[in-house]
Amino acid sequence: MRLISCHIENFGKLSNVDIDFNGSVHKICERNGWGKTTLSSFILSMFYGLEGTNKKKYEENERKQYLPWNSGYFGGELTFEVDGKKYIILRNFGKKDNEATFQLLDASTRLESGDYSEKIGEELFGVNRESFVRTAFIGHNDIKYQGSNSVINAKVGSLSQQGDLENYDKAKALLKDYLNGKSPTRSTGELSKLKNSISELERDIATTEDLEKRLNDVRENISSEERKLSALEERNKALTEARNMRSEIDGLEKSVKALPGIDKSKMDRLAKIFESGVPEEQEFEDKIGVCNEVQNLIQKNDTLEMMIETIIDNAENAANTDDKVQQARADLVSKRKRLTVFSIVSIIVGIAIIVLAAVLKKSILMYAIAGGTVFILEGIITMYKNLSEKVVYTGGTGASQTSINDKNQIERYKQNIKANNDTIKSYENELKEFFARFGASYSRVDAENFLYDLKSKAKEYKETTVNIELYDNQTRDIQNELAEKKASWDRFIDSHPELKGEDADVISLLNEFNSEMNESRSIIARLTQEQHDILERIDDLNDKKDQLAGMKEYQSELSARYDIVKKTDKYLTSAKDNFVAAYMAPLKTSFEKYYETLTGDKGDFEIDASLSISLREEGAYHDVETQSDGIGDMIGLAARMALLDSMYEGEKPFIIMDDSFVNLDDTNLVGAKKFLDEISKEYQVIYLTCHSH
């Protein structure tokens, strides 16, 4: 097959790039940083898609590495020819896997083709991406021979369709993982861990007998300590009862001494005041109300007296007002007469002036009319003011109109005063009688204060009487109870002769017993917890016995499976080596041919069953990784071409070489050009370089 052209819309730093692949060797020479490695990744991704798109690390995720720098369309087109038919691959890699698209077109019709699917790389070349990169993609950083894998081995042996050898690496890896995971010698192996766990269980189970012996000792100690505690509690109970009884007796004796005394002299004084009996509270309230009513009536009479005096003063003022009004009216009449004469004279003079001017001389007529008009107007205004003026007075109606009403009002006020005085006399007689009951005389000024004081003393007298009764009853009750407690104490001491003479030391004895009981309880609690722990430990060991039996059974089964898998791994390796040995000879021949083309020297090489290459020097074979960069690169190129020849007997794939000769000196570059001419006879070579030679 061969590549024809490609169009890169956007891929990493490359944008809107078109390339036509001309001839069997197409050289692309660009400066460092142009994007040659990006171009080779684009071609690979068009056939195999992007790799590691779910990886978080940037260097492992090709989508992150080649996402367009300008955020445009992520993809392009690739035109190629295989078996004489041309196709166009269109891919949009997208920002996410679910946004990626793939199309395959028939280049002659531009219609979609179903000859290959999105996995076109595997379908065309018959190998996965990793195997294709190991052979047909020769970068300047990975030119050295990297060995083979099961897919390469299968292709070399023409067994890719059967899949047995292709899956060898997977099977080998699974067997290795299983053997490592179950290994009896590796510390992380399940059989090794199982052996250690069994040994630990056996050591634990061996302690069961000692635990059971200790359990019996603990149980005996608990029983002994419980008997001791029971005796202490009985003794403590008796002492506690004695202490409580003694405490009650002491408390009652203190209560008798603490009873408050009663002031008999005060009680006698109060009793003398209330010899005739103690009034109820309502009677005091009634008498206080009478006192208040007397004061109210006195205030009313004072008010009525002031009103009478006011009426008399108003009558005298009214008489004086009438005289002033009469004089004002006489003055107004005289004034009106004078102003009326003045008004008439002014009007007549004004008219006369106008008439005279009209008769005598017409030239002064206008002035005469004006002057006459002034006199007429003055007379009219003066007359209007004279007639409008009146005598105005707002001080009353006059003595003649009010004197009769005032006399009637004064009479009514005097009658009210007399009635109030009669009521006051009646109320004060009532109060005098009440005060006399308690040997006191009535005083209008101090009456109310006396009543409040008497009310307070009455209340105090009643409360003192009740307190005396309560005091007598309480004293009697306490003394009776004290007598009963002392009798009970005597009976208790008689029934507990061991306490006689010790009552004063009951508290200290109780403290001593409490200390011993607390210590005993602490011992019992500790032993009980130890018993619980031992029982749990024994139960746990019994479970471990069952667990041990199961683990030993599982160990036996696992060991048997491990031996089978170990033998399987051994036989699988032997079978693969025997099979690969059949095609090692032609592969070695092809390798030596290409190596000789590059170097002019066949060399003495060995290729083992795992397709590892070693070079004989100084009488021994050495790994090719020990060679210089130049020699190592030429060995890698020869090995890759030998693998490609063996893997692709029919249609040959294209080869991408990214500055693959960069480590070669001038002498070896001559061989490299011959090598390039040789391989271009069967393969299309895309050579990427930044050198012009």
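Entry 1. I am working from a predicted model. I began with F654, which counts as buried because its relative accessibility is 0%. F132 is buried too, with a relative accessible area of 1%. I then checked the two rings: their centres are 5.9 Å apart and their planes at 70°, so I noted the pair as edge-to-face. F132 sits in helix 4 and F654 in the loop between helix 15 and strand 12, so the pair ties together parts 522 residues apart in sequence. Both belong to a cluster linked by ring pairs, which also includes F47, Y48 and F80.

Entry 2. How many aromatic pairs does the structure hold? I found 23. In one of them, F11 and Y66, the ring centres lie 4.8 Å apart with planes at 20°, so this pair is stacked. F11 is in strand 1 and Y66 in helix 2, 55 residues apart. F11 is buried at 0% relative accessibility, and Y66 is buried at 11%.

Entry 3. Next I turned to helix 16, residues 666-679. Its 14 residues should span 20 Å, and the end C-alpha atoms are 20 Å apart, which agrees. Its buried residues include L669, F675 and I679.

Entry 4. Last, I found K593 over the face of Y594, 4.5 Å from the ring centre.

Key. Residues are numbered from 1 along each chain as its sequence is written. This is a predicted model: local features need pLDDT of at least 70, side-chain atom pairs count only at pLDDT 80 or more; totals for chains, interfaces and linings use all residues. Side-chain values use heavy atoms; hydrogens and water are left out. Helices (H or I, at least four residues) and strands (E, at least two) are DSSP runs, numbered from the N terminus. The expected span of a helix is 1.5 Å times one less than its number of residues. Buried means under 20% relative accessible area, exposed over 50%, partly exposed in between (1.4 Å probe, protein chains only). Rings of Phe, Tyr and Trp (its six-membered ring) pair if their centres lie within 6.5 Å; planes under 30 degrees apart count as stacked, over 60 as edge-to-face and the rest as tilted. A charge sits over a ring if NZ of Lys or CZ of Arg is within 6 Å of the ring centre and within 35 degrees of the ring normal.
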